[in-house]
Amino acid sequence: MKVTVFGIGYVGLVQAAVLAEVGHDVVCVDVDAGKVDRLRQGIIPIYEPGLEALVRDNHAAGRLHFTTDAAEGVRHAPLQFIAVGTPPDEDGSADLQYVLAVAESIGRHMDEARIVVDKSTVPVGTADQVRQRILDVLAERGRGDLGVDVVSNPEFLKEGSAVADCMRPDRIVIGTASAESEEVMRELYAPFNRNHEKISVMDVRSAELTKYAANCMLATKISFMNEIANLAERLGADIEMVRQGIGSDPRIGYHFIYAGAGYGGSCFPKDVQALIRTADSIDFDARLLKAVESRNDEQKKVLFRKIHQHFNGDLQGRTFALWGLSFKPNTDDMRAAPSRVLMEALWAAGARVQAYDPEAMHEAQRLYGNRDELSLCGTKEAALKGADALVIVTEWQAFKAPDFDFIKQQLRQPVIFDGRNLFEPRRMARKGIVYRSVGR
């Protein structure tokens, strides 16, 4: 099938590459000419395992194309995916200006009926706005005879495993009332639906809400465990033991119940906030979601509080080794990352940071530039040299089995602040390391 994808950011590029991989003919449209040129050269703007080869191979095979020409994209395919960003507006609600701009472009350039697919994470009711914007433009052109249907098809990708999630989805949600659009979408996703039925068809508004509900549920589990972790510290319990105890209950499970330094990234913070604003707009007090957001904001300050307490508030002139800048492993994404809250608090207290991350160094450089308080180190070992303590913020595999004797040799004091509970406290004590973790 021929498919057009507007937006070659995280969601759009992964979806386009995976659709091309199974044989679809995909054109990607983006307003960023530099990004389009780099992608044509095989230069990927994000780090995601497996994505670079997928893009390069399918572009070389002629199944994946990149352009800035919206008219070309609209002409190319009966299926038009909208996968542009929906950043938070000033009040936290999802900003739909880019989604509606794409809708306007589709309406301006279409000369045949089109099925428009909302892939971006959008508030309930967005499909109606997209359809109306297209119809308005068609009316201005005198082409009210052209048919358009808007389908909701939310993504459920996890950064760090997005390619695998897209190639082997656990569910495919399709929101439409049109039997014709449903059939087209089933044909599109047939290569991913062979093992067993994964497609769930529902009305458009339910599909739009499903995406927000999924992310908000996962964010709730994380904030709940961080709430219990704070209780565990004060009650003399170990949150890791509690996690194992409740995770063995199949009604709860082990996923997303790790206590830590809070969640970040492009989805959970934005989507929780956006659903709260949606609730506000219909005069509903989303108390639980507000509590989830509040707990997460507080949790991002936990590591700094532990550091501040350990050093009796004397942080001026001290240096801290920081392992992990990305909000989670296997990505270079630092959006809403706990590392940023910690570093900025340390700098405000007069401390310096020597940081290392396997993939997010360029992103940290882009965000913070050159500043005396931040040294970006080439290895995790280099970050340790002369630091007053080690702080672990992201649970990269490379951090899970370090040489503790070497750490002690390099640090001024044998102190580790662990925001991800990677190590066993008694083992750290036997090694002569002062170990401060979360909920233990």
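## The β-α-β unit

A crossover counts as right-handed if, with the strands pointing away from the viewer, the path from the first strand over the helix to the second runs clockwise. In this predicted model, strand E9, helix H14 and strand E10 make a right-handed β-α-β unit.

E9 and E10 (residues 352-356) pair in the parallel sense over five bridges. Within that pairing, leucine 322 stands opposite alanine 355 in E10.

## Strand E9 and its other partner

E9 also pairs with strand E12 (residues 389-392), in the parallel sense, over four bridges. Here alanine 321 stands opposite leucine 390 in E12.

E9 is mostly covered: five of its five residues are buried. In a regular strand the side chains alternate between the two faces of the sheet. Thr319, Ala321 and Trp323 point one way from E9. Phe320 and Leu322 point the other way. Both sets are buried.

## Two residues with positive phi

Most residues other than glycine have a negative phi. Alanine 336 has a positive one, near 55 degrees. Alanine 336 lies in the loop between strand E9 (319-323) and helix H14 (338-348). Alanine 336 is partly exposed, with a relative accessible area of 28%.

Aspartate 283 also has a positive phi, near 60 degrees. Aspartate 283 sits in the loop between helix H11 (268-281) and helix H12 (287-299). Is aspartate 283 buried or exposed? Aspartate 283 is exposed, because its relative accessible area is 74% and the cut-off for exposed is over 50%.

Key
Residues are numbered from 1 along each chain as its sequence is written. This is a predicted model: local features need pLDDT of at least 70, side-chain atom pairs count only at pLDDT 80 or more; totals for chains, interfaces and linings use all residues. Side-chain values use heavy atoms; hydrogens and water are left out. Buried means under 20% relative accessible area, exposed over 50%, partly exposed in between (1.4 Å probe, protein chains only). Two strands pair if DSSP finds at least two bridges between them.
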